Amino acid sequence: MDFKNLDDTTRKLMEQEIQSDIDSDSYYKSKLLTPSGLANWPSLLLDAAAHGTDQTLASAIANFFVPMETYVRNGKTHTRKVASNANERLAEGEFNAYYIRALCLRSMGEGNDTVKVYRAKQVSHARSESEMKIGTNVEASALLQDLRSNIGFDSALGIPAGPNSGLSVKL
């Protein structure tokens, strides 16, 4: 993803947000990670925020996924192979969420009330809901609270708009 404002200031704020979640044990714990993956996840996330990207995080966690997952459909439990890009989806989603949280903090600290939604990753089939959000200004404090309260892939404001949406924010 193309993170427009990923610099030392943003990275420090990302680290603070991640560490806060680690301290309160409120960070996202994917059920697809192995026990070793879950144990290493917080430090790998912190390292990516300090020195890497969503891509370096995806590479770091690539070997920490279970081969099969269970899910329930129509009241029946099924199993299936874990998607080959599960590491990329997890890394991208979580790195982007902490990046957005950091930009909200940064924006408010610089006296701005909003951040602007943009497409940070090109996608082959853009969702119409995502397309409508591009270019809009979002209240930084509301978005920050939304992402802090809704850990994982689903946020109330829909930014980012689910896995692989390609949306992020900029100052």
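Modeller: Two strands pair if DSSP finds at least two bridges between them. Helices (H or I, at least four residues) and strands (E, at least two) are DSSP runs, numbered from the N terminus. This is a predicted model in which local features need pLDDT of at least 70 and side-chain atom pairs count only at pLDDT 80 or more, while totals for chains, interfaces and linings use all residues. Residues are numbered from 1 along each chain as its sequence is written, and side-chain values use heavy atoms, with hydrogens and water left out.

Biologist: Over how many bridges do β3 and β5 pair?

Modeller: Strand β3 covers residues 114–119. The β3 and β5 pairing is antiparallel, and the number of bridges is 4.

Biologist: Which strands stand at the edges of the open sheet, and why is one side of each left without a neighbour?

Modeller: The sheet has 3 strands in the order β4-β3-β5, with antiparallel pairing. Each edge strand has a single partner strand, so one side of it has no neighbour in the sheet; the edge strands are β4 (137–139) and β5 (167–170).

Biologist: At about what angle does helix α6 run to β4?

Modeller: Axes are lines fitted to C-alpha atoms, for helices over the stretch in contact (heavy atoms within 4.5 Å), and angles run from 0 to 180 degrees between N-to-C directions. Helix α4 (residues 86–109) lies across β3 and β5, at about 20 degrees to β5. Helix α6 (residues 140–149) lies across β3, β4 and β5, and its angle to β4 is about 70 degrees.

Biologist: Which side chain of opposite charge is nearest to Glu94?

Modeller: Glu94 lies in helix α4. Lys and Arg count as positive and Asp and Glu as negative, with His and the chain ends not counted. Glu94 is buried yet has no salt bridge, that is, a side-chain nitrogen of Lys or Arg within 4 Å of a carboxyl oxygen of Asp or Glu. The nearest side chain of opposite charge is 6.7 Å away and belongs to Arg101.

How values were computed
Buried means under 20% relative accessible area, exposed over 50%, partly exposed in between (1.4 Å probe, protein chains only).
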